[in-house]
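The following exercises are meant to be worked with the sequence and the coordinates at hand.

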Amino acid sequence: MISRPALLLYAFAPLDGGQVAAEQGWQQLDQIWRACRNTGSMTAPLLSVEAPEHLPAAPAGAGPFRIVASAARATPGRTRSMFVFAEHSTVGLVAAVSAEDDGEQAWNDLIEQWQAVARPDDTQNGIGRVTVLLGLSPDSSALDDVATAGERLARKLGVHADLPPADPGPAGALLWELRPPFDTADRHRTLVIAAPERAEDIVDDWVWTADGRQGLVPLVRYCLNIYRAGHQRRVHTAQTPLADLVADTDAAVTDLASRLVSVGSPSAAPATVLATDDLVQQVQLVTTKLLWRQTKIREMATTTRALHVNARRNRPAPSPVPGGMFARDDTDLAWFVDQLDREASYLDALIQRATTLNATAASVTNTVTARRRDRITLLQTSFLGALLMALAAIQSFQYTTSLSPPLKGPVIGALAAAAFGLPVLVARWSGLVPRTEVYRWLDLVAATCFGAALGWLGSSIVWMATAQRVAPLAVTGCAVAAGALLVLTPTWLISRRRRRR
């Protein structure tokens, strides 16, 4: 005989997966809330908190345990109530729906009633659900019969699994987790709990709620910790695999190491030095990503360890039964924490290797680049010195040319434009700036000025040679514009082609 059969539901959703995921998870909790409300006629307030038809807006941010909404049965009868809570970065729903009568048939009717209204789409967004089939027995030796009936009802819920070894609960209660073979998602759990009828109050304090205390009871708290640990595992799985990080980093580091000997040579080409310097920056960015990943892994390991400890604290027996739910969870969490520790160690070795080589390569490229800058500075100094010496000699010897006055302005403009663009040209010729790099605004301004000066000078020479007079202002303006466009257009087209690459 099965007495006081009931259906309990625990549902959890994360708040730290982004605003869209948090809202979708909250909407799915609202679907379960409305399904429970329709199943158990839960429209009366509970715990002095209103019982809305729909859940209010999702809680914002983390915080301590708090009740968001609650509801109880509005008609006389057995227990049917629920509440929604928020704690830290998780929201959850806990509901208890008791059958109207005793016996397996009443239990079956309750399951069918639930299936008729429950259509929550909780296959995405990280929501977790625990379905508990609870039944009592006046005969302590007949708990296996209750479990067998629960197994049959679980099949109606779509869970096809045999009863594993039972985990002991408080006051002689037994717990079975029905997990289908090869089920690795571990977000939806189905539990069957059978207990002696005399232990009803103690079992309620373990699976549902405790009188005079606001908070989560041990089994709900245990399932919440396991769900949070599973959420950490799903977040970890969604990251880039460690093997890909190792392969990408080793490829970049190996390429950088192969270039060090040639870059350090005095005869190294400018393009090689610049390419190596770009590779040094890439390796530095990769190292930063590895460091960020390592800190996240260590934070995840610390969080999972704390969840593991809390889960152990909330299980009914310190030593779990081999093959039972608590033993499986204990093994899975210990394995996951060990994997996180190993991954952090691998990342630490990878970071050290990349950092050491990157520092050496940066030192070599900086030395070579500084040497080339010194040579360019010397070249520029020599050029300017020669120019100043020529100007001083011209002034001292009073050297003059028979340049026509109308041409002096265009010649000075052309020389000034050439002097303005010379540093940019030298920088690209020397390799300090890669020749394949797109032209910047300074390059375009220099090209425009030089083209305009050439147009001015060309039009002035033509008019002086043919008409023996200064070119008209309109002609000069058109020549300046044509010269600027003649030089600027191909420069801009080359820059656009390089930018597309």
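The exercises below go from the whole chain to the sheet, the cores and single residues.

The model is predicted, so local features require pLDDT of at least 70 and side-chain atom pairs count only at pLDDT 80 or more, while totals for chains, interfaces and linings use all residues. Residues are numbered from 1 along each chain as its sequence is written, and side-chain values use heavy atoms, with hydrogens and water left out.

**Exercise 1. The whole chain**

Task: Describe the secondary structure and the overall extent of the chain.

Solution. 
Step 1. The chain contains eleven helices and nine strands. Helices (H or I, at least four residues) and strands (E, at least two) are DSSP runs, numbered from the N terminus.
Step 2. The radius of gyration is 39 Å, well over the 23 Å that the globule rule gives for 501 residues, so the chain is more spread out than a compact globule. The radius is taken over C-alpha atoms, and the rule is 2.2 Å times the number of residues to the power 0.38.
Step 3. Along the principal axes, the C-alpha trace spans about 125 × 55 × 35 Å.
Step 4. Of the 501 residues, 43% count as buried. Buried means under 20% relative accessible area, exposed over 50%, and partly exposed in between (1.4 Å probe, protein chains only).

**Exercise 2. The sheet**

Task: Determine the order of the strands and identify those at the edges.

Solution. 
Step 1. Nine strands form an open sheet with mixed pairing, in the order S2-S3-S4-S5-S1-S6-S9-S8-S7. Two strands pair if DSSP finds at least two bridges between them.
Step 2. Strand S2 (42–44) and strand S7 (167–168) stand at the edges with a single partner strand each, so one side of each has no neighbour in the sheet.
Step 3. S1 and S6 are antiparallel and share eight bridges; Tyr-10 stands opposite Val-130 in S6.

**Exercise 3. The surroundings of strand S9**

Task: Which strands are joined to S9 by bridges, and in which sense do they run?

Solution. 
Step 1. Strand S6 (residues 128–137) runs parallel to S9 and is joined to it by nine bridges. Within this pair, Leu-136 has Ala-195 as its bridge partner.
Step 2. Strand S8 (residues 174–177) runs antiparallel to S9, with four bridges; here Leu-175 is partnered by Ile-193.
Step 3. Eight of the nine residues of S9 (residues 188–196) are buried.
Step 4. Helix H5 (residues 218–238) lies across S1, S4, S5, S6, S8 and S9, and runs at about 35° to S1. Axes are lines fitted to C-alpha atoms, for helices over the stretch in contact, and angles run from 0 to 180 degrees between N-to-C directions.

**Exercise 4. The nonpolar cores**

Task: Locate the largest nonpolar core and state which element gives the largest share of it.

Solution. 
Step 1. A nonpolar core is a set of buried Ala, Val, Leu, Ile, Met, Phe, Trp, Tyr and Cys residues joined through side-chain atoms within 4.5 Å. The largest has 47 residues, and those with the most contacts inside it are Leu-29, Trp-33, Cys-36, Leu-93, Trp-114 and Leu-133.
Step 2. Elements giving two or more residues to this core include helix H1 (19–40), strand S5 (90–98), helix H2 (104–117) and S9. H1 supplies the largest share, seven residues.
Step 3. Apart from this core lies another, of 39 residues, among them Leu-8, Leu-191, Trp-208 and Ala-311.

**Exercise 5. Single residues**

Task: Are Gln-232, Arg-221 and His-88 buried or partly exposed?

Solution. 
Step 1. Gln-232, in helix H5, is buried, with a relative accessible area of 17%. Among the residues that Gln-232 touches are Met-300 and Phe-336, contact meaning heavy atoms within 4.5 Å.
Step 2. Arg-221, also in helix H5, is buried at 19%; Glu-87 and Asn-314 are among the residues that Arg-221 touches.
Step 3. His-88 lies in the loop between S4 and S5 and is partly exposed, at 45% relative accessibility. The phi of His-88 is near 55°, a positive value in a residue other than glycine.
Step 4. Arg-4, in strand S1, has a positive phi of about 50° and is partly exposed, with a relative accessible area of 29%.

Technical notes:
Lists of a residue's contacts leave out its neighbours within four places in sequence.
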